[in-house]
Amino acid sequence: MRTSLGWLVVALVAGALVGGGAAAWVEGDEPEDTTSPATTTAPTVDPVVVEAPWVDGGVRFRSTVLVPISFVVGDGTAELEFDLVPLHWTARHEEDELFADELPVQPEFWELTLDGGQVIEAVTTIDDAVVRFDVPVDVDAADVVSVRVTGWRLAVPVGGEMTLPVEEGAAGSFPDGSTVEIDRVLEQSTSTIVQLDSTATEAAWTGHSLATFRTQDPGWRISFRFGQSSNVQLIWEEPGAPGEVVLIQLDPAWRPIAADVVVIGETDE
Amino acid sequence: MSDVEFDFAEILRSPLDPDPSDPSARPWGWAALLFLVGIVIGAWFVVATGDEAAAGVAVDTTAPGAPPAAEVIETSESFPEGYVAIATDVAVRAEAPVILGDRMLVPVTMVLRRGADATSVVRPLGGRWEMRTGQGVVASVGTVFDVFRPSVFSIEFPFVDPAPESVVLVERWDASPATAEVELAWPGVPFLSEEPISMELTEGTAVVITELELGNFLGGAAWRLEGTDLGVVELDADLLDEGGELFDSYASGSGSLDADAGAGTIEFFWAPGFRVDQDEASTLRLTARAELGIPVATEIEVPLP
C-alpha cells in the first residue's frame, strides 16, 4: 500500500482544523473569572490524578501520600483540606467503610508560617480531613509562607497480652496503657458471663473509646458494647469456665514520629 | 513469585495493533503522525491567540512564595525512596525498634510497586527475620500483624542491647490462595458441630474445623491445617433456604494472622437487621478461604534508622 504526499497534507490540515476546533471549544467552555479576590483563596492546588495505588501529586511520608485539596484563608482562619492516599493495600474489609481508610501513617502536628516569621500550630487526628489554623484577622493567603506537617503517627502492632483472674475487681493494662477491669462475673447454670470495663488510652487514634482485644482461648466469646458501662462481655458457654483469661490486644500503639514535611510552600533546599 | 522485569511496551501493545515489522502499516502511520501534529499546531494557535487577548484581565490567585506540593512523588522509581523490595511488587521500610520489657518490636510499613494493582498483588503471609549484631545472630520469634491495617506489621525479637543497624529477611512466606466448600444440614440455633469437619484445599492439604458453634448472635470456630504448617484461613458461614437460595450470613470477624501457627480461631456475629429467625434456614454452607504459605529463601537486608 502506498500513501501519496497529498494524503499526508490532507492529514496535516485536517489535524490542524480538529485541534484548533477542540481548543476553541475548550476555551469557550472555560467560565469567566469571577473568583473572589486573590487574598481569600490561595495557592491554587492542581487537580490530583489518582493512579492507584500511587498518585501524581501531594507529599509522601512513609507509605502515605498527603494530597492538598484546597487552601482557604480569611476571617481569622486558614483551612487546608487534604486527602490521605495509601501506597499499599487497605483493609481486607474494603467493602466496609468502617475499616476502609485505616491508614497506619497519619499526620498529627502542623505548622503554618507567616511571612513575618510567626508560626501557628494546629493538630489533627485520625478522622480529620481538614486542618484549621487560627490566624490574625488581617492575614490573607499572600502572607502564608508555608504549611508543614512536623509530627506524624505510626500504628505499631504490639499484640500485648494481659492475664486476668476471672474475679470481680481484677484489672490490668496493655503496653500502651489501655486498661481492662472485670466489673461482674455472672455464673449461670450452663454458662459464665464476665462483664468488663475497658478504656483505650488514645481514643482519638484508635477511633473508639474502649480497648479492643481477642482471647487466647477460643472458648471465650466476645461481645463489644460501644458507649456503655461494662462495655465488653466474655461468654463461656459451658459449665466450668477457666479461672483466668488471657487477652491479646488488637489495637496498635500509635507511635509519634517527628518529621518535617512541607505541604505548601518552598522547601529549605 | 518471579523477579522478572516486564517489557511494558510489549505488554501494552494490543494484538489488534499492526505488526511493526509489516512495511505496509508504516505509510498510514506517517499520515496519523501528521494528523496529530496538525492537532497540536491548531490547538497551539488558538490557545496562544486566546492567551494574548486575555492577558490584560487575568487575576493571579496564587500567593507569592507558596507554590503547592514541594515534594512530588517520584515518577521514575518503582518504589518510594527508603523502601527495600522484598518481592516483585512489595517493598518495606523498618522503623526504630520499640522496647517492651523483654520484647523488641521492629515496626515495618509496606508499599506496592508503582502501578501495581492492589487487588491482584497477594500480600506475603510473613517470614523469618534475623538481627545481626556484633554478638551474633538473633532470630525473630514472631510477627505481629494489625487486623485493620494490612500494610503494617512488627517483627518481634527478644530484647538485645545495643539495637542492631539492620534486620534481614531470610525466608519469605508467599501466599497461595485456595478455597473449599461444604454444606451441612442446619437444625437451627444453637448449632454445635458434633465432630471435626475436614475440607480439602489442595492435593495433600486440608483445613479441619475442629470446633464450630453458631448461636443467636455470636459464634466461633477453631481450625487447624493438615499437610502444612504455613497458612491462614477465613471462614464464611452462610445459611441457605430449602430452595438452596441464600437466606443470610453470619459475619466473620478477623481470624488469626499467625501464619506459622498452623491453627487459629474465627469469631462470628449474626448481625443482619437483628433477625432472630435463623431456624427457618435448612442448610449451613461453610466456605474456607485459605492462603497457604510457600517458603522462599531470601537474603534481603533492611536498614534500621
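Which residue stands opposite E79(A) in β8(A)? In this predicted model, that residue is R132(A). Helices (H or I, at least four residues) and strands (E, at least two) are DSSP runs, numbered from the N terminus. Strand β5 (residues 77-86) of chain A runs antiparallel to β8(A), and five bridges join them; two strands pair if DSSP finds at least two bridges between them. An open sheet of four strands in chain A has the order β3-β4-β5-β8, with antiparallel pairing. Its edge strands, β3 (59-61) and β8 (130-134) of chain A, each pair on one side only.

Residues are numbered from 1 along each chain as its sequence is written, and chains are lettered from A and ligands numbered from 1 in the order in which they are written.

The largest nonpolar core has 58 residues, of which L66(A), V144(A), V147(A), V106(B), V108(B) and V111(B) touch the most other members. Such a core is a set of buried Ala, Val, Leu, Ile, Met, Phe, Trp, Tyr and Cys residues joined through C-beta atoms within 7 Å; buried denotes 20 or more other C-beta atoms within 10 Å of a residue's own, with C-beta atoms placed from the backbone. Strand β9 (residues 144-156) of chain A contributes the largest share, eight residues.

The mean pLDDT of chain B is 76, and 72% of its residues reach 70 or more. The model scores ipTM 0.74 and pTM 0.72.

Key
This is a predicted model: local features need pLDDT of at least 70, side-chain atom pairs count only at pLDDT 80 or more; totals for chains, interfaces and linings use all residues. A residue is buried if 20 or more other C-beta atoms lie within 10 Å of its own, exposed if 12 or fewer, and partly exposed in between; C-beta atoms are placed from the backbone. pLDDT is the predictor's confidence in each residue, from 0 to 100.
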